[in-house]
Amino acid sequence: MNNITKICCIGAGYVGGPTMAIIALKCPHIKVTVVDISQPRIDAWNSDELPVYEPGLDEVVKACRGKNLFFSTDIASAIRESQMIFVSVNTPTKKTGLGRGKAADLTYWESAARTIAAESVDNKIIVEKSTVPVRTAEAIEKVLKRNCVDPDVQFDILSNPEFLAEGTAISDLTAPDRVLIGGNINNEAGQAAVDALVEVYANWVPTEHIITANLWSAELSKLAANAFLAQRISSVNALSALCEATGADVAQVAHSIGTDSRIGPKFLNASVGFGGSCFQKDILNLAYVCECHGLKEVADYWYSVVGMNDYQKSRFVRRVVSAMFNTIRNKKIAMLGFAFKKDTGDTRETPAIDVGKGLIEDGAQLAIYDPQVKEDQIAYDMEGMMGNITCYKTAKEALQDAHAVTIMTEWDEFKSYDWKEIYDVMQKPAFVFDGRLILDHDHLREIGFIVYALGKPIDPFIKSAEGA
């Protein structure tokens, strides 16, 4: 089955849609069909307003849609006609039952596998694109074989984890650091399946960037990669607390250690905390797997990475409250940014949720502006608290008469604002709490702002307000 001409992807979300769009762009000889049970989501993919915001994605989809890239809710037909099926469904952390709050919920994955088995009449290559626990492929293979009517149908399962960063997904897909493909490389059929997927990627990815491994190594590599990246963020955030206590500057410390070639500069930017769909979920999943194998100390180590992230968010809230004379009740606090990072509208696990809830619990009135996050998404994330929240379509409206502004997302536009004009329309004293370290703090102080820059020497006004 080396000559792949028809691919389908189950799941039209943040991973499935962009990944299949790039495959269609780079492989015009392959028909790519993206399917999903959600009609509104598929309608959006077929419209001019895509359900996923990624720089460059619109152009790719428009170039291929209707030619060799299709979006549909007809899952059965797409499965039947495809030789290779990517599964890119949500695998959230379990909310109830055994392993709740830690283990991955594979309900959608298993449902997809049962559908594939029911509709398959010939051999299929199944590609895990969702982030899954180690040895998921083994379980899924059993589901496929036990639910397929034709016992002669062969399913070869591959693990092809995504290593995308939201906001740069198109460039990550176009020129990846590596493509990892795991399979049963010790038998002929498994190796042939791996080779088939290698051939697809080789249409644009240099072969030296395509890594093959066994299934279990590939599945674990995805969890490990995200855990390592999150670990770096939590490490520098831990240092940011120490920097504030000692008068050191976390940016200078990070730059200093980042020049060490053994460490490097990436993921050393102190912030209010990490977010997104993967980091916390994957670390908890990794830690739970360790627990299940009796590795308690290893699990505790990884849990501490998440614990430090939670500490950083709560520490930020405490700093806002204490700096503003220990009372923010009925004070308008502008929150600039709600997405977990710039260049995306994704709010999953965004630090803005926990920070916002913490401020509201202390009585604040939040004025939220984000250039990509819609009000209904904020209402969903902040359920039960919208009585204390007003969403604005412009930053100017959000900042009018505000007592303070918190920078929650590192959108470039925030750096270009006329902060003198902003200062003039805010209540005095006017506070800026920069949770992303993107603003010119010296300039803000010259204007008259009281500035808290995370991980930087504490402003004398804030010290006195806190009784330090």
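Predicted model: local features only at pLDDT ≥ 70, side-chain atom pairs only at ≥ 80, totals over all residues.

Residues are numbered from 1 along each chain as its sequence is written, and side-chain values use heavy atoms, with hydrogens and water left out.

**Sheet.** Six strands make an open sheet, ordered S11-S10-S9-S12-S13-S14, with parallel pairing. Strand S11 (389-391) and strand S14 (450-453) are the edges; each has a single partner strand, so one side of each lacks a neighbour in the sheet. From one strand to the next, the twist averages 20 degrees. Helices (H or I, at least four residues) and strands (E, at least two) are DSSP runs, numbered from the N terminus. Two strands pair if DSSP finds at least two bridges between them.

Strand S9 (residues 332-336) and strand S12 (residues 404-407) pair in the parallel sense through four bridges. Leu336 has Ile407 as its bridge partner in S12. Helix H12 (residues 296-323) packs on the sheet and touches S9, S12, strand S13 (431-434) and S14. The direction of H12 makes about 170 degrees with that of S13. Contact means heavy atoms within 4.5 Å. Axes are lines fitted to C-alpha atoms, for helices over the stretch in contact, and angles run from 0 to 180 degrees between N-to-C directions.

**Helix pair.** Helix H9 (residues 215-246) and helix H11 (residues 279-292) have axes that come within 9 Å and cross at roughly 115 degrees. H9 contributes Leu220, Lys222, Leu223, Asn226, Ala227, Leu229, Ala230 and Ile233 to the contact, and H11 contributes Phe279, Asp282, Ile283, Asn285 and Leu286. By class, this contact of H9 with H11 holds nine nonpolar, two polar and two charged residues. Ala, Val, Leu, Ile, Met, Phe, Trp, Tyr, Cys and Pro count as nonpolar, Asp, Glu, Lys and Arg as charged, and the others, Gly among them, as polar.

**Spaces.** The table gives volume and lining classes.

| Space | Volume | Lining residues by class |
|---|---|---|
| Second largest pocket | about 170 Å³ | seven nonpolar, one polar, four charged |
| Largest cavity | about 30 Å³ | three nonpolar, three polar, three charged |

On a 1 Å grid over the protein atoms alone, a cavity is a set of points where a 1.4 Å probe fits but cannot get out; a pocket is an open set with protein on both sides within 12 Å along at least five of seven lines; lining residues have an atom within 4 Å of a point. Grid points are joined across faces, edges and corners, and a volume is the space filled by probe spheres set on the points.

The pocket lining includes Tyr369, Asp370, Lys374 and Cys391. Strand S10 (365-369) and helix H14 (375-381) each supply at least two residues of that lining. A search of the whole structure finds one cavity of 30 Å³ or more. Among the residues lining the largest cavity are Glu128, Ser159, Glu219 and Lys222. H9 gives the largest share of this lining, three residues.

**Loops.** The peptide bond from Lys428 to Pro429 is cis, with omega near -5 degrees. Pro429 sits in the loop between helix H17 (419-425) and S13. Phe325, a residue other than glycine, has a positive phi near 65 degrees. Phe325 lies in the loop between H12 and S9.
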